[in-house]
Amino acid sequence: MTLRKYEYDVFISHAVEDKIDIANELVRKLEDFGIKVWYSSRKLRVGSGADETIKEGLDRSRYGIALFTHNYFQKDWPEKELHTLWPKPGYRVFPVWHKITEEEVSKYDPALVDHYNIDTKQGVDRVVEKLVYCIKGDDENAAMREAVSPVGKIRNKLYVRFGIVFLLAMVLISAWYFL
């Protein structure tokens with residue numbers, strides 16, 4: 001069985017009004033971790049068909065990130081993107097909530113509340129850390145998970161310290177034994 005090769009790791013579904021507040025920063029930080037992002041600001045051009053371009057972005061992306069905000073639920077485009085993303089077989093959508101409550105999301109669609117989400121109240125860096133973990137979460141990318149995880153960073157430091165202490169202890173024991 002061959003795996004489909006995608007051009008982008010994620011498609012960002014968002015409302016245009018949220019670019020400055022959250023989307024631009026989220027995209028930039030994901031790209032800092034090597035995540036390939038399909039982002040409308042870079043792909044939509046004057047004269048290009050928005051429907052075609054967005055459909056192409058959805059098809060060429062492995063995962064989706066739905067940036068749920070008040071603006072998101074007021075617009076038609078994000079709704080179309082969400083309804084295209086969600087039912088795609090073998091496709092995962094990562095809901096990111098920004099300045100919105102469970103009650104407000106539930107008013108739009110109660111089923112969306114049942115899905116695990118990441119809230120920007122935790123900070124954009126924490127959101128990006130969790131997204132990178134999910135996107136690069138297969139066994140081949142375990143090193144990336146360790147690198148972005150605060151627990152992984154602490155664990156790596158402890159392993160280094162333990163290794164140094166162990167090595168010194170072995171040297172001392174060997175020196176004592178052979179002298």
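Modeller: Start with how the chain folds back on itself: of the contacts in the protein with a separation of 6 or more, 68% are made by residues 24 or more positions apart. Bear in mind that this is a predicted model.

Biologist: What pattern does the protein follow along the sequence?

Modeller: The order is β-α-β-α-α-β-α-β-α-α-β-α-α-α. That is nine helices and five strands.

Biologist: Why is valine 96 called buried?

Modeller: The cut-off for buried is under 20% relative accessible area. Valine 96 has 1%, so valine 96 counts as buried. This residue lies in strand β4, residues 92-97.

Biologist: Which residues does valine 96 touch, apart from those up to four places away in sequence?

Modeller: Valine 96 touches Ile65, Ala66, Leu67, Phe68, Ile118, Thr120, Val127 and Leu131. For threonine 120, the separation is 24 residues in sequence and 7.1 Å between C-alpha atoms.

Biologist: Is histidine 70 buried, exposed or partly exposed, and what makes it so?

Modeller: Buried ends at 20% and exposed begins over 50%, with partly exposed in between. Histidine 70 has 40% relative accessibility, so histidine 70 is partly exposed. It sits in the loop between β3 (61-68) and α4 (76-85).

Biologist: What does histidine 70 contact beyond its neighbours within four places in sequence?

Modeller: The contacts are Lys99, Ile100 and Glu104. Histidine 70 and lysine 99 are 29 residues apart in sequence, with 7.7 Å from C-alpha to C-alpha.

Biologist: Why is lysine 99 called exposed?

Modeller: Exposed requires over 50%. Lysine 99 has a relative accessible area of 56%, and therefore lysine 99 is exposed. Its place is in the loop between β4 and α5 (102-108).

Biologist: How do you know which class threonine 101 belongs to?

Modeller: Threonine 101 has a relative accessible area of 39% and is therefore partly exposed, since that class runs between the 20% and 50% cut-offs. Threonine 101 is also in the loop between β4 and α5. Its C-alpha atom is 9.7 Å from that of valine 113, twelve residues apart along the chain.

Biologist: At what angle do α1 and α7 pack?

Modeller: Helix α1 (residues 19-32) and helix α7 (residues 124-135) pack at about 50°, with their axes 10 Å apart. That angle makes α1 oblique to α7, because roughly parallel needs under 35 degrees and roughly perpendicular needs 65 to 115. The crossing is right-handed.

Biologist: Which residues meet where α1 and α7 pack?

Modeller: From α1 come Ile22, Glu25, Leu26, Lys29 and Leu30, and from α7 come Val124, Asp125, Val127, Val128, Leu131 and Val132. By class, this contact has eight nonpolar, no polar and three charged residues.

Biologist: Which residues of α1 are buried?

Modeller: They are Lys19, Ile22, Ala23, Leu26, Val27, Lys29 and Leu30.

How values were computed:
Residues are numbered from 1 along each chain as its sequence is written. This is a predicted model: local features need pLDDT of at least 70, side-chain atom pairs count only at pLDDT 80 or more; totals for chains, interfaces and linings use all residues. Side-chain values use heavy atoms; hydrogens and water are left out. Axes are lines fitted to C-alpha atoms, for helices over the stretch in contact, and angles run from 0 to 180 degrees between N-to-C directions. Helices (H or I, at least four residues) and strands (E, at least two) are DSSP runs, numbered from the N terminus. Angles under 35 degrees count as roughly parallel, over 145 as roughly antiparallel, 65 to 115 as roughly perpendicular and the rest as oblique. A crossing is left-handed if the near helix is turned anticlockwise from the far one by less than a right angle, and right-handed if clockwise. Contact means heavy atoms within 4.5 Å. Ala, Val, Leu, Ile, Met, Phe, Trp, Tyr, Cys and Pro count as nonpolar, Asp, Glu, Lys and Arg as charged, and the others, Gly among them, as polar. Buried means under 20% relative accessible area, exposed over 50%, partly exposed in between (1.4 Å probe, protein chains only).
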